[in-house]
Amino acid sequence: MKYLSEYRDGTVAQGLIARIKQTATRPWTLMEVCGGQTHTIVRQGLDELLGDAIEMIHGPGCPVCVTPLEQIDKALALAARPDVIFTSFGDMLRVPGSECDLLQVRARGGNIRVVYSPLDALELAIRTPDKQVVFFAVGFETTAPANAMAVWRARQLGVSNFSVLVSHVTVPPAMVAILDAPDNRVQGFLAAGHVCSVMGWTEYEPIAARYHVPIVVTGFEPLDILEGMLLAVRQLEEGRHEVENQYARSVRREGTPPAQDLIRKVFRLTDRQWRGIGAIPKSGLTLREEYADFDAELRFGLESLTVEEPAECRAGDVLRGNLKPPQCPAFGTRCTPEHPLGAPMVSSEGACAAYYNYARFRSPAAHEG
Amino acid sequence: MCLGIPGRILDIRDDRGLAMGMVDFGGVRREICLAYVANEVVPGDYVVVHVGFAITRVDEAEARRTFEALKEMSQLEELDWMREVAEQSLAAPSSGEAA
Amino acid sequence: MTGIQIAAVACAVPLTETARVQLGHGSGGKMSAALLRDRFLPHFGNPILGELGDGAVVSIGGAEIVVSTDTFVVSPLEFPGGNIGALAVHGTLNDVAMMGATPAYLTAGFVLEEGLSFELLDRVIHTMADAARQAGVPLITGDTKVVERGKADGLYINTTGIGLVDPGFRPGPGRAAPDDVILLSAPIGRHGMAIMAAREGLAFESSIESDTANLSPLVAALRQAAGDAVAVLRDPTRGGLASALNEIAQASRVGMVLEEATLPVPTDVAAACELLGLDPLYVANEGVLVAIVRPARAEAALAALRAHPLGSEAVAIGRVVPTNPGYVVLKTVVGGTRIVDLLPGDQLPRIC
C-alpha cells in the first residue's frame with residue numbers, strides 16, 4: 001500500500017538499527033506514548049533488535065486501557081438497557097468493568113454493535129428511530145474530531161435518539177504527569193503521530209523546554225519508529241531538547257485547524273481519572289453545555305454513578321513505565337488475555353497484551369531495567 | 001493514537017452540508033468524511049484516515065523526501081566511517097601518514 | 001526476577017467467570033478450545049474423539065472410513081464469491097480431504113427460518129448441487145426443519161462427509177516433526193474479509209471474493225507427488241492460519257518458525273485489514289490448505305501444488321523446529337521475532 005508498505009522495508013530497517021547502535025554512546029531511555037507505536041515495536045520485535053542501546057518504556061498511550069472503571073461501568077449499564085443500541089469501537093468490547101465486560105452483556109441480551117466510525121452510529125440512530133443509540137466516545141485527540149463531528153451533525157440533522165458516552169483523554173498532561181513523577185526515568189519521548197496530525201506540536205514545545213527532554217513526533221510504521229528513535233538519540237547525544245518532526249508526511253506544526261476548531265466547539269477540557277494512574281487535571285474532554293443534551297450520562301441519569309477505584313494495581317506501574325509486563329507477578333499466570341486482571345492486558349494495544357501476544361517467552365531477565 | 005491509514009481521494013461530494021468522498025485504500029474503498037481537509041484537497045490527493053475521517057492531507061513531496069532520506073541514512077554507514085577515519089588521519093599531527 | 005510468583009496482589013479488576021456462551025466461543029481460538037475441552041470432552045471422551053482431527057477415522061466391517069461433520073451459520077447468507085451452500089459442501093469435502101481420504105458421500109441437514117425467501121433458498125440449493133456434482137460426491141440423505149421467524153438467521157446448514165481412507169496416506173495433526181517444511185497453497189484472508197465487507201457497520205467496498213473451493217483435487221495431487229511425506233494437512237478456516245498452525249504445533253508438540261516476508265496476502269485484503277485494524281493471520285479462509293511435508297519431498301510437494309490451478313501461488317512459509325514446542329514464532333520483515341498466538345476469541349476491529 002502506498003505511503004505504508006515502503007515504511008516496512010527490512011533492509012532499511014536493519015540499516016537504521018545499526019545506525020542507532022552506532023550513534024548511542026550510552027544506553028538511553030525513551031517512552032513512546034501511543035499504543036499503536038507500542039504495537040509496532042513489540043509486534044516487529046524492534047525492542048529486541050535494539051538491545052542495550054535504547055530501553056523503550058511503553059507509555060499510557062492506549063485510551064482503552066486508561067478509560068476509568070467508572071466509564072466502563074456506565075457503558076455496561078447503558079448496554080444492558082432494552083431501549084438502547086450500544087455502539088462502540090471494537091477495542092472496548094473486552095475491557096473489564098467492575099463485574100463483567102460488554103461481550104458478556106451481549107451474551108445476556110444487550111444490543112451491542114461494533115462500528116468503524118461514529119458517523120455509522122449516527123446513521124444507525126437515523127435508521128432506527130424507535131431505539132436510543134448511544135456511542136462510546138473513547139479516544140485521544142486523534143478521535144476527538146470524529147466524535148465531535150458526530151455530535152455536531154446530530155444537532156444539525158435534528159437526530160434526537162443519538163447520544164454519546166464520553167471518555168476522552170489528552171496526551172500532553174499525561175506526559176507532564178510522567179515527567180513530574182519522582183521515579184521518572186524517561187529521557188525522551190516519541191510523540192504520537194496521529195494525535196499531532198490533528199493538534200500540531202505547539203503544546204509540546206513548552207514541555208521540551210521545561211523538562212529538557214527531546215520530543216520527536218513519530219509515525220507508526222517500523223521505519224518511522226526507528227527514525228524517531230534515531231532522532232531522539234541524536235538529540236540526547238548532542239545535549240539538545242527540541243520538538244522534532246519525524247512524521248513530516250502527515251504532521252505540520254499547526255496540525256489540522258478545522259478539526260481543532262470543532263473539538264473546541266463541542267468539547268471542553270475537564271479533569272480526568274486515568275485508570276491505573278489516577279486523576280490528571282485538565283486531561284480530559286467533556287461535552288460543552290450547549291451540547292449537553294447529547295451526553296448519555298445526563299440523558300440516562302448516570303452522572304452520579306461513582307465507582308471506588310480499588311487498591312493500586314500493577315497496571316498503574318505498567319502504564320507509568322515503571323514495570324515491564326513480564327515483571328508483574330500475575331503476568332501470564334493469573335493475568336492473561338482470556339482472564340485479564342486489568343485493561344493493559346485486554347486491549348490489543350495495551351503493553352501487557354502486546355508482550356503476552358508477541359514476546360511472551362523472551363526471558364524476563366532481558367527486560368530488567 | 002493511532003490507526004490512521006493513507007488513502008487516495010476518488011471524489012468529493014456534499015452530503016447535506018458535509019463534505020464526503022470515496023477514498024481508495026489499495027483496492028478497498030470507503031465513504032470518508034472529508035470536512036476537515038476539504039479546503040486543501042482535490043481528487044487524487046492522499047489523506048490519512050482515522051475512524052472514517054480524513055484528519056490530514058499526506059504531503060507527498062515530504063513522503064518521498066522522508067523515504068529517500070531513510071534509505072540514505074541506512075546506507076551511509078560505511079562512507080561515514082571511512083570519512084571519519086580519513087579525517088582523523090588528516091588531523092593527526094606529524095604522524096607521517098599520507099592524506 | 002527469579003520467576004513468576006503468584007503474589008497476593010490486589011488488582012483493579014476481579015477475575016470473571018463467564019456463565020454463558022459468548023460469540024468468542026465460536027471463533028476457533030482459545031475459548032473454543034476451552035469449550036470443547038472443559039464442557040464436551042469430559043462427557044463424550046473416547047480415543048477417536050480425543051484425536052481432535054478435522055474428522056474421525058473409524059473401522060466398520062474391515063473398511064476404514066473417515067467421517068467429518070460441520071455446521072454453517074455464516075451471515076450474510078450470500079456474499080461476494082459464494083453463499084452458505086458453497087461453504088457447506090466445500091467445507092466438509094475439505095475436512096474429509098485433510099484427513100487424506102477421498103470424499104465419497106455427503107449428507108445435509110437444513111434449519112430454515114420462517115420467512116426465508118424461496119429464491120434465496122433455490123440459489124443455495126443450486127450452488128450445493130453444482131458443487132457436489134463437480135466433486136463427484138452425491139448427497140445421499142438429509143433433513144429439513146423450519147423454525148419461527150427470528151430464530152435461525154435465515155438458514156443454518158449442517159453437512160457430514162464420508163470418505164474412504166487411503167492406508168498409505170494418513171496426515172494428522174500430531175505428525176509434524178522438526179525440519180518439516182510448512183507449505184501454504186494460496187494467499188490468505190480472502191473469505192473472512194469478503195464477509196467483513198458485507199457486515200453492517202464495518203462495510204467497505206471492494207472486489208474481494210470468498211475463495212471457497214473444493215480442495216480434494218489439490219490434495220490428490222499432493223498425495224501423488226509426496227505420499228506419506230505429507231505429515232499434516234489442514235484447511236485454515238475460522239481463526240485463520242495462525243489458529244490452525246497453533247493447533248498443529250500443540251498436537252505435535254513442536255515449534256514452528258514462519259517468515260513474515262513469505263506470507264502471501266492479496267493487496268486488497270491487506271488494505272481492508274489495515275483499515276479495520278485486523279491481522280490477516282487470523283482471518284478465515286475457505287480455499288486454502290496448509291501442508292506440512294518431510295524435507296525430502298517438500299520441493300516435489302510445492303511443485304505439485306503450483307501445477308494445480310488452486311495452488312498456483314503456493315509458497316513455503318516456514319519450518320517446524322524443536323525449540324519452543326507449542327509456539328508459532330514469526331521472523332518479522334525487519335529481522336525481529338514475535339509469537340503468533342491463539343486469540344482468546346474473535347479478532348476485534350480496533351482504533352489504536
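Analyst: Here are the labels, each set against its definition.
This is a predicted model: local features need pLDDT of at least 70, side-chain atom pairs count only at pLDDT 80 or more, and totals for chains, interfaces and linings use all residues. Residues are numbered from 1 along each chain as its sequence is written, chains are lettered from A and ligands numbered from 1 in the order written, and side-chain values use heavy atoms, without hydrogens and water.

User: Why is Cys196(A) called buried?
Analyst: Buried means under 20% relative accessible area, exposed over 50%, partly exposed in between (1.4 Å probe, protein chains only). Cys196(A) has 0%, so it is buried.

User: How do you know that Cys196(A) is in no disulfide?
Analyst: A disulfide is a pair of cysteine sulfur atoms within 2.5 Å. The structure holds 0 disulfides over all chains. For Cys196(A), the nearest cysteine sulfur belongs to Cys34(A), 10.0 Å away.

User: What makes Cys33(B) buried?
Analyst: Its relative accessibility is 0%, so Cys33(B) counts as buried.

User: Why does Asn83(C) count as buried?
Analyst: Asn83(C) has 5% relative accessibility, so the label is buried. Contact means heavy atoms within 4.5 Å. Beyond four places in sequence, Asn83(C) touches Leu77(C), Glu78(C), Arg123(C), Val124(C) and Thr127(C).

User: What is the confidence in chain A?
Analyst: pLDDT is the predictor's confidence in each residue, from 0 to 100. Chain A averages 87, and 89% of the residues score at least 70. Over residues 363-369 of chain A, pLDDT stays under 50. The model has 10 contacts beyond four places in sequence for that stretch.
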